[in-house]
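The following exercises concern a single protein chain. Please study the sequence and the structure before reading each solution.

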Amino acid sequence: MTAPTEEDLWNRLGSARALPFGKGQIAATESLVRTADAERLPDLQYAARLSLVRAYTHGGEPAKSFVPFAWCLAKHDQGEGNERWDYILFWSFKSIVTSLTDFPEVPLDRTYAVLDDMERRYRAAGYAMNPVHQHRQIVARHVGDHETAVEQYRLWAAAPRGEMSDCVGCEPSAKVAHLSRYGRFEEAIEVAEPVLGGTFTCSEQPNGILSSLLLPFVRTGRLEEAARAHRQVYRTIRHNRLDLDLLPRHLRFCALTGNHVRGLEILERHLGWLADAPSPDVEMEFCAVAALNLRLVADSGHGGTTVRRTDGEISVQALHDELSERALGIAARFDARNGTSEQSDLIRDVLASEPIVDHLPLSLTSPRPVSPPQTPAAPSLPDTPEELADLADQHSRLSAYEAAEAAWAKFDELCPEPAGSLLARRLSGSATAVVDTDPEAAVRDWLRAAELFAAEGDEVARHTAASKAGLARYQLGEPESALAALAGTAEALAGLGDVEQHVRALLRWSLALSGNDDLDAALEILGRAEAAATEVPAELTARLLLLRGELTARSGRLDEAREPAGRAVDLFAEAGLAEQEAWARLIAGRMAAASGELETAYATVRPAESAASPGLRAQVRHTLGLLASDLDLRDEAVAHYRGEVADLVEAGDLSGAALAQLGLASAAERAGDPLTAADAAEAAIEVLEQGDDEDELARARYLLAGAHRALNQPDPALTLLEQVLGHFAAAGNQPAAGQAAETIGDLLDELDRDAEAASSYGRAAEYYTAAELPVDAVRNLRQAALSWQWTTETDQALSVLAEAEKSAADLDGDEPPIRWERAMVALNGGKLLGAAERPEQALPRATAAVELFLALDATTEAAIAAGLRARLLVDLGRPAEARAATQAAIEGLPPEATEQIERLEYILASLDAE
């Protein structure tokens with residue numbers, strides 16, 4: 001193998017510096033230092049060590065930077081350091097001072113000596129004192145010399161910025177840290193505001209300044225800004241161990257805003273990073289704010305909750321004690337070096353902190369704080385088994401099942417071994433409680449109750465219990481025996497004189513028939529129930545009306561169905577039955593939506609959000625989310641889907657909550673809130689990855705990719721989109737694969753990765769062609785041709801253009817989407833052929849594009865095509881025709897197309913000037 005030349009080694013240095021900060025860059029630079037030493041290349045030895053200082057500082061190993069920095073400084077003083085590296089050497093002073101402060105083993109005198117040396121060299125080189133004052137205040141603040149810290153801050157703020165000053169993001173971030181330490185939170189925000197909306201060139205921003213602003217935002221009541229900053233930054237730093245130094249600020253934010261449960265999650269996720277803490281200072285801060293969150297969780301009654309870490313599990317309380325001791329121990333080491341109590345005082349203040357606000361909502365995917373378990377006050381209940389059974393039956397009829405269970409619980413205390421009719425009633429109550437979760441047990445209990453009622457001579461109760469067992473049998477998939485039982489019990493009750501129980505039996509019979517899709521028979525039995533219901537409770541009348549509405553709608557008579565459903569809503573409301581009213585509103589609202597009356601539907605369902613049952617409330621909010629989306633009420637849609645997620649979590653339906661998160665993600669994306677969209681999609685993915693619904697998982701990844709794209713995070717977006725594409729391609733879902741490939745092409749186009757974009761558009765065209773979606777295929781072919789043109793692959797671009805033109809010509813029909821694609825292909829053809837210096841072939845395409853766009857009233861595109869035509873005519877030596885064509889294009893545009901007219905008038909003026 002040929003030994004590398006010196007030029008090769010310098011190229012290796014450039015490549016190493018271009019690597020991402022971290023262990024890889026450190027290893028590459030260390031290797032180069034060893035090679036430079038072995039080859040005795042003084043200039044490279046010097047430059048490589050300066051690069052190593054940078055790699056250590058930003059790669060999580062700042063303590064290792066001291067030796068190569070001292071080596072370079074010595075070489076510089078001996079006249080052996082190339083002057084072209086002086087800027088980097090002097091710049092490194094800043095990180096060295098900070099790092100020396102962060103290690104309690106380093107004597108404080110050494111830090112002050114380096115600071116003095118830094119000032120002397122900066123003055124000699126003519127650099128501004130701005131960074132010197134900055135770093136003097138850092139050290140003074142660290143040791144608790146507050147008078148000096150404040151004075152050095154004043155001098156820092158007064159000194160002009162210079163070549164050695166931190167970037168426009170980092171310097172304000174450092175000032176925010178100082179001002180926050182002294183409670184000057186409004187000033188901290190004022191310092192930061194001018195740069196927050198700007199463009200940062202530093203890898204540490206905007207994450208650094210936004211993290212520094214979390215405390216000022218909270219302290220000044222800017223809670224929405226604080227929540228958004230936390231969510232934005234944490235999303236980008238949580239996968240990068242090198243950002244461990246920022247995590248304490250986010251953990252403290254969680255504790256101060258009542259989000260200590262989220263703080264616990266963050267702590268558990270990153271606890272293993274402490275093993276690689278870049279300095280004792282960062283370790284101390286992390287341990288302190290982690291312990292604060294743990295204390296708040298323990299104070300809420302959950303100190304026994306376990307936390308996972310690499311060596312097993314540990315309780316919240318035990319981990320709090322461990323991390324508190326660890327933080328205080330490091331603080332004591334700092335104070336021993338500094339000769340003050342500053343760091344211990346600060347850590348004790350952190351450990352004793354209390355939330356500033358009870359709970360700042362972040363997003364639905366962030367858990368709310370837990371509260372100590374509380375036992376609700378026991379309701380006032382009767383004192384005899386008979387009265388308790390009556391009360392429980394009454395609650396059950398009104399679907400107040402929790403109240404019924406409370407009554408039965410007291411019944412069990414007073415009458416642990418009932419007999420006769422009381423036993424029968426208890427069995428019936430037990431069946432009602434479990435019918436949804438264990439219908440087989442419910443059937444057994446009701447049938448046993450029926451036998452006991454018969455033995456007691458209570459025929460009404462006997463047949464009522466048997467009727468309930470019949471409906472449960474239907475739910476078990478035994479339609480024939482169920483319908484026979486329901487018919488028999490209803491007929492038996494008809495002759496027993498209890499109108500209410502007879503009508504309820506008919507209602508059950510009709511419900512089973514409707515479930516069996518025998519709508520005519522269901523309506524017939526329902527009619528019998530309505531005819532018999534002369535004197536029954538309003539609640540029962542409302543149930544009959546609601547079922548009539550549902551059956552009528554299923555029979556295809558939607559307009560007729562809405563009236564009884566609306567009457568059911570009113571009756572439930574008049575009876576004060578909120579849950580039943582909510583269900584009826586949901587049904588009536590869906591009917592209105594199916595009739596196309598979306599606003600009426602939304603207004604009908606909206607009050608049902610107050611339903612007590614989380615399962616019903618989730619259905620209501622899901623429907624409201626759909627309606628709000630269709631009505632373009634974007635913020636309202638987000639709120640409804642958020643509520644649905646919370647309700648399903650409360651109900652214990654985590655799979656359902658994951659799917660609801662997808663609705664939330666989609667709604668948030670449309671509302672322009674990519675942070676919420678990303679949170680929701682990621683929460684859904686965590687659940688969906690544990691299941692087998694690969695299509696929904698792919699959908700979640702597609703939504704998350706869209707959120708990453710909106711957040712200007714293209715790399716994770718591309719990774720996710722490739723996963724989505726792979727899934728749908730393997731599943732044979734050609735349209736979805738085409739959409740994923742096209743989205744990848746769009747993203748690559750935005751990144752100016754034109755060859756890759758062209759390839760992806762080509763893939764999309766193939767998928768769409770296979771799916772027999774020719775319009776979509778044409779769109780991607782023309783996009784591919786343009787992308788190839790940007791790569792200067794002219795032949796490839798023209799080849800794909802020809803394919804696009806042939807495919808456009810073969811499109812069948814004259815619908816607007818087809819005409820649009822033909823116009824775009826013509827416009828792109830004119831552009832590509834014009835760029836290929838073939839104006840005679842480009843001109844007819846540009847001319848056709850003008851006409852096609854005008855026919856579609858696409859004035860902007862028509863003006864663009866007209867401008868292209870004018871340029872082509874000039875290229876062909878026909879300026880008079882160019883003027884005439886441009887003037888004709890102006891006259892062909894509607895007067896309101898002012899922007900397009902101005903564009904063409906500018907072209908016309910340019911032609912006249914020539």
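**Exercise 1: A histidine and its surroundings**

His-502 is buried, because its relative accessible area is 13% and buried means under 20% relative accessible area, exposed over 50%, and partly exposed in between, with a 1.4 Å probe and protein chains only. The model is predicted: local features need pLDDT of at least 70, side-chain atom pairs count only at pLDDT 80 or more, and totals for chains, interfaces and linings use all residues. Residues are numbered from 1 along each chain as its sequence is written, and side-chain values use heavy atoms, with hydrogens and water left out.

Task: state in which helix His-502 lies and which residues it contacts.

Step 1. His-502 belongs to helix 25; helices (H or I, at least four residues) and strands (E, at least two) are DSSP runs, numbered from the N terminus.
Step 2. Contact means heavy atoms within 4.5 Å. Setting aside neighbours within four places in sequence, His-502 is in contact with Ala-490, Leu-493, Ala-494 and Ala-532.

**Exercise 2: Helix 23**

Task: explain why the end-to-end distance of helix 23 agrees with its number of residues, and determine what its buried residues pack against.

Step 1. The expected span is 1.5 Å times one less than the number of residues.
Step 2. The 17 residues of helix 23 (residues 459-475) should therefore span 24 Å, and its end C-alpha atoms are 25 Å apart, which agrees.
Step 3. Twelve of the 17 residues are buried, so helix 23 is largely enclosed by the rest of the structure. Among them are Val-460, His-463, Leu-471 and Tyr-474.
Step 4. The buried residues of helix 23 pack against helix 22 (439-455), helix 24 (479-494) and helix 25 (499-515).
Step 5. Just after helix 23, Gly-477 has a positive phi of about 85°.

**Exercise 3: A strand pair**

Task: describe how strand 1 and strand 2 are paired and joined.

Step 1. Two strands pair if DSSP finds at least two bridges between them.
Step 2. Strand 1 (residues 306-309) and strand 2 (residues 312-315) are antiparallel, with four bridges. Thr-306 stands opposite Ser-315 in strand 2.
Step 3. A hairpin of two residues joins strand 1 to strand 2.

**Exercise 4: Confidence**

Task: identify where pLDDT stays under 50.

Step 1. pLDDT is the predictor's confidence in each residue, from 0 to 100. The chain averages 92, and 97% of the residues score at least 70.
Step 2. Over residues 364-376, pLDDT stays under 50. Where pLDDT is low, the predicted coordinates should not be read in detail.
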